[in-house]
Amino acid sequence: MSQKEGLSGRERRNHLLKLLKDTKEPIKAASLAKLTGVSRQVIVQDIALLRASEEPVIATPQGYIYSSDLRTKGLQKIIYSRHSPLDTEKELNILVDHGVSVLDVGVEHSVYGNIFRPLQLKSRLDVKKFMAQMSENHAHLLSSLTGGLHLHTIEAPTEEVLQQVCEVLTQEGFLVDIKD
């Protein structure tokens, strides 16, 4: 990635789009800020403007990513899960240890409606980073709004893997339901 300073707002946003489209890995706002010679807050505002112009840029715990780079590689299902905050890492590790990607997390809130946030967790390292970010920011899980009940869109390479991981989640007492 090359450093581009002194760009106009439009040029900088075009450069941000190119950087995001040219990589498969998420890029943190701080890294984008350093590359463009502006503050992290300017990057956050630029991303908001890109989204407003219907560019498919999403924020994950690992950084920003251009969503067309997230190609479906397997079978996607929505699982309903319930557990205490202390079991979050265990649930996520069960999923990724079976080769399942955790694409997002969501809750169905009685007042706010459906709230979903992308996760893009594919490995134990991703889970570890997510848990560290939650801890460092003293953040509460979305499931704290719904007594531990939450949804994940997951992607499994095969139906067999999906069945295996659901069996383990059921044995642990986490799995509530599965939807297509």
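This note goes through the predicted model point by point, from the whole chain to single residues.

1. Basis of the model. The structure is a predicted model, in which local features need pLDDT of at least 70 and side-chain atom pairs count only at pLDDT 80 or more, while totals for chains, interfaces and linings use all residues. Residues are numbered from 1 along each chain as its sequence is written, and side-chain values use heavy atoms, with hydrogens and water left out.

2. Overall make-up. The chain contains six helices and seven strands, where helices (H or I, at least four residues) and strands (E, at least two) are DSSP runs numbered from the N terminus. Along the principal axes, the C-alpha atoms fill a box of roughly 55 × 35 × 25 Å.

3. Surface and interior. Of the 180 residues in the chain, 40% are buried; buried means under 20% relative accessible area, exposed means over 50%, and partly exposed lies in between, with a 1.4 Å probe and protein chains only. The accessible surface of the chain is about 10200 Å², and 50% of this belongs to carbon and sulfur atoms; such areas come from the Shrake-Rupley method with a 1.4 Å probe, and for residues only the protein chains shown count as cover.

4. Contacts along the sequence. A contact means heavy atoms within 4.5 Å. Among contacts between residues at least 6 apart in sequence, 72% join residues at least 24 apart.

5. The hairpin. Strand E1 (residues 57–60) and strand E2 (residues 63–66) pair in the antiparallel sense over four bridges, and two strands are said to pair if DSSP finds at least two bridges between them. A hairpin of two residues joins E1 to E2, and within this pair Ala59 stands opposite Tyr64 in E2.

6. The five-stranded sheet. Five strands form an open sheet with antiparallel pairing, in the order E5-E4-E6-E3-E7. Strand E5 (113–121) and strand E7 (175–179) stand at the edges with a single partner strand each, so one side of each is left without a neighbour in the sheet. Neighbouring strands of this sheet are turned by 25° against each other on average, direction ignored; the axes behind such angles are lines fitted to C-alpha atoms, for helices over the stretch in contact, and angles run from 0 to 180 degrees between N-to-C directions.

7. Pairings inside the sheet. Strand E4 (residues 101–109) and strand E6 (residues 149–156) run antiparallel and are joined by five bridges, with Val102 standing opposite Ile154 in E6. E3 and E6 also pair in the antiparallel sense, over eight bridges, and here Ile79 stands opposite His152 in E6.

8. Helix H4 (residues 88–97) lies across strand E3 (75–82), E4, E5 and E6, and runs at about 15° to E6. Helix H6 (residues 159–171) lies across E3, E6 and E7, and runs at about 5° to E3.

9. Ala29 belongs to helix H2 (residues 29–36) and is buried, with a relative accessible area of 8%. Leaving aside neighbours within four places in sequence, Ala29 is in contact with Arg40, Ile43 and Tyr64. Ile47 belongs to helix H3 (residues 40–52) and counts as buried at 1% relative accessibility. With neighbours within four places left aside, Ile47 is in contact with Leu20, Val57 and Tyr64, and its C-alpha atom is 9.1 Å in space from that of Leu17, although Ile47 and Leu17 are 30 residues apart in sequence.

10. A buried residue in the sheet. His109 lies in strand E4, and at 16% relative accessibility His109 counts as buried. Not counting residues up to four places away in sequence, His109 touches Ile115 and Leu145. His109 and Leu149 are 40 residues apart in sequence, while their C-alpha atoms are 9.9 Å apart in space.
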